There are 2 protein chains.
Amino acid sequence: MVTIKQVSEKAGVSSATVSRVINNTGTVKEKTRELVMTAMAELGYRHNVVAASLASNKTHTIGYVVPELHGSFFGAMMGGTEQALRQAKKHMLIATGHSDAQIEKEQIDALLSRRCDALILHVEAVSDEYLVSLVHQGVELVVVNRFIGEIGDNCISLDNVKGGYLASRHLLDIGHTKIAYIAGSLFKADGKNRLTGHQQALADMGVEYTDKLTYEGNFQAKSGTEGIRALVARGAKFTAVACANDEMASGAMIALRELGRRVPEDVSVIGFDNVDFASYLSPGLTTIDYPVQKIGSMAAHWVLERVYGHTRHEYQHILSPRLILRGTTSSPE
Amino acid sequence: MVTIKQVSEKAGVSSATVSRVINNTGTVKEKTRELVMTAMAELGYRHNVVAASLASNKTHTIGYVVPELHGSFFGAMMGGTEQALRQAKKHMLIATGHSDAQIEKEQIDALLSRRCDALILHVEAVSDEYLVSLVHQGVELVVVNRFIGEIGDNCISLDNVKGGYLASRHLLDIGHTKIAYIAGSLFKADGKNRLTGHQQALADMGVEYTDKLTYEGNFQAKSGTEGIRALVARGAKFTAVACANDEMASGAMIALRELGRRVPEDVSVIGFDNVDFASYLSPGLTTIDYPVQKIGSMAAHWVLERVYGHTRHEYQHILSPRLILRGTTSSPE
DNA sequence: ATAAAAAATGAAGGCGCTTACAATTAGGGT
DNA sequence: ACCCTAATTGTAAGCGCCTTCATTTTTTAT
């Protein structure tokens, strides 16, 4: 292992100088810089970031906790973050929380032990208080897709209520009144908020909300299929169904097709998230765009600006969803 | 920042002993262990993994390079890896190579500078020689989804030729002879190999291969759509189309539908990868299963066994694809 | 009880780099 | 040529932990 020391000897300078040229800090004469550079090249020197981190107390590493790695949602989000961080030469240490408070805490702990300069957290099981206490402890963190008033500055989220509203409002606007709703897990904030938006839209348009038309799924495609079956089994009548995410919408479409109901002629379907495959379905899925990649990059910008002091990195705390019209919704007969 | 030293003083032992209880190495009496534990708890001690890494020359971190983060493919793969690594308390430092040799090298370099204990690489632009030289330099790495004979032990890949063969063979078996092929980027090994498999299947069944029926896409959905249009525009006649991945298959289905050709009645479609949304399409996409998550976990096992000396972690070097029958293929009229 | 073996602990020297601070050199003005 | 300031470099003390080796304590065997 070639060290800075060996380089310094070969170049005939002190190790401090070598460190300066590596980090481009302090001042060093052009001539000695070259001396050092060639010495490094000849020796095949490789900077030891671990040692540097210990000495400087900066790891240039951001810890990232997401519930899962599979699926296209988190990849898109992390992609947004990565793109922004790569230019700043920061790296991401990734961990999964599996929507389990215990695991989430362990992972956060592990990332902190690894001395990440900041954390980006998409955690769903851990309590608000826990996150608030971390912030009060001085941990630099951004919470994504979750809003906690007390640490609002550390949150970057989508207005899920508005998204839910937009979806159902669209169905109402084109004439539907009997609208079924397949909710996401209601113990998760976004699942709950999207449902709230749905209810507000109904209220705004003077349509009464009833539990009979809603089914609580778990954000997985299969639960969309089950949702439709359950609704039909309980005799619910509807001409449209709003789903809390695209996976469930796709599951719902499968069930509807099985039942011989055409989409959108017999029943309209609207999803939520606008994941990449939404446009591959046929008809293309009308949905609510969740600017997930943007959320990822906002989180990166937050970190760059707040933790590393880079300027010119703007970010917003609350992003807005918008309606994406494709082929699964139409006016009722 | 509470250090091991402070803990040792509070517990009335030496720092060496504290280190022993933290790492569970050496021997330490139960009583003193408890002493140390309570001291750590009272002081709110947090182990500094960076310092530990420097001293022990082990980071317990695996560097991971993938082309992109978005899409469902790499998330699934990394998910497989993560699951296996989490139990071993290893972490993943993730970087993207963007299929660009320059970037791929930089990222590998950065991960090495961070002293990752091992690398898992899904790189597509860098040369075989480069990877071989890394291995010869003593870098512990697994190459996934790519086979390089000279370092076959370090590779974990899918038999893409066989997959391509299986797909086209299926179409041939159910009676198709006019089979169009929408290839992936041919400068990528898997794109090329899948096409080779297609050609072998044709040859085996005595059907002549012709360039006229193949179109080179780029693995993106849009190029599937364009592929169909191009094929039709050039007057190609076919009753089935095999695609080098599911995204393109989905794009192809969209184009076929536009042209008024029913799937599978008028033309059969088969994809490759079996990504998660393949079953959401309608009809469900017949495809070749790419055990991507398994590849991810194999890579983890390789690392666990070879780098960390954990036993009982079996792994294979070449995984086999298999046919997944769903609704997009049927015999021609 | 006592010697020998085993278990438990402590002392101290790094791991490779950063970073005040001190020391040296170079540049400018008169 | 000489003094002052600014630009360069070197010195050395850590950063917090691991780990070998020596030392002390405990256990086992006789």
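## Chain and DNA contacts

Between chain A and chain B there are two salt bridges, a salt bridge being a side-chain nitrogen of Lys or Arg within 4 Å of a carboxyl oxygen of Asp or Glu. One salt bridge joins the side chains of A:Asp109 and B:Arg46, at 2.8 Å from N to O. Helix 6 (101–113) of chain A gives the most to the side of chain A that touches chain B, with seven residues; helices here are DSSP runs of H or I with at least four residues, numbered from the N terminus.

This is a predicted model, in which local features need pLDDT of at least 70 and side-chain atom pairs count only at pLDDT 80 or more, while totals for chains, interfaces and linings use all residues. Residues are numbered from 1 along each chain as its sequence is written, chains are lettered from A and ligands numbered from 1 in the order in which they are written, and side-chain values use heavy atoms, with hydrogens and water left out.

The contact, meaning heavy atoms within 4.5 Å, takes 49 residues from chain A and 49 residues from chain B.

DNA strand D is surrounded by 26 residues, each with a heavy atom within 4 Å of the strand.

| Residue and its atom | Atom of DNA strand D | Distance |
|---|---|---|
| A:Thr17, polar side-chain atom | phosphate oxygen | 2.9 Å |
| A:Thr32, side-chain N or O atom | phosphate oxygen | 3.3 Å |
| A:Ala55, polar backbone atom | base oxygen | 3.5 Å |

Note on methods: Polar contact = N/O pair within 3.5 Å; in protein donor to acceptor, adjacent residues only side chain to side chain. Helix = DSSP H or I, 4+ residues; strand = E, 2+ residues; numbered from the N terminus.
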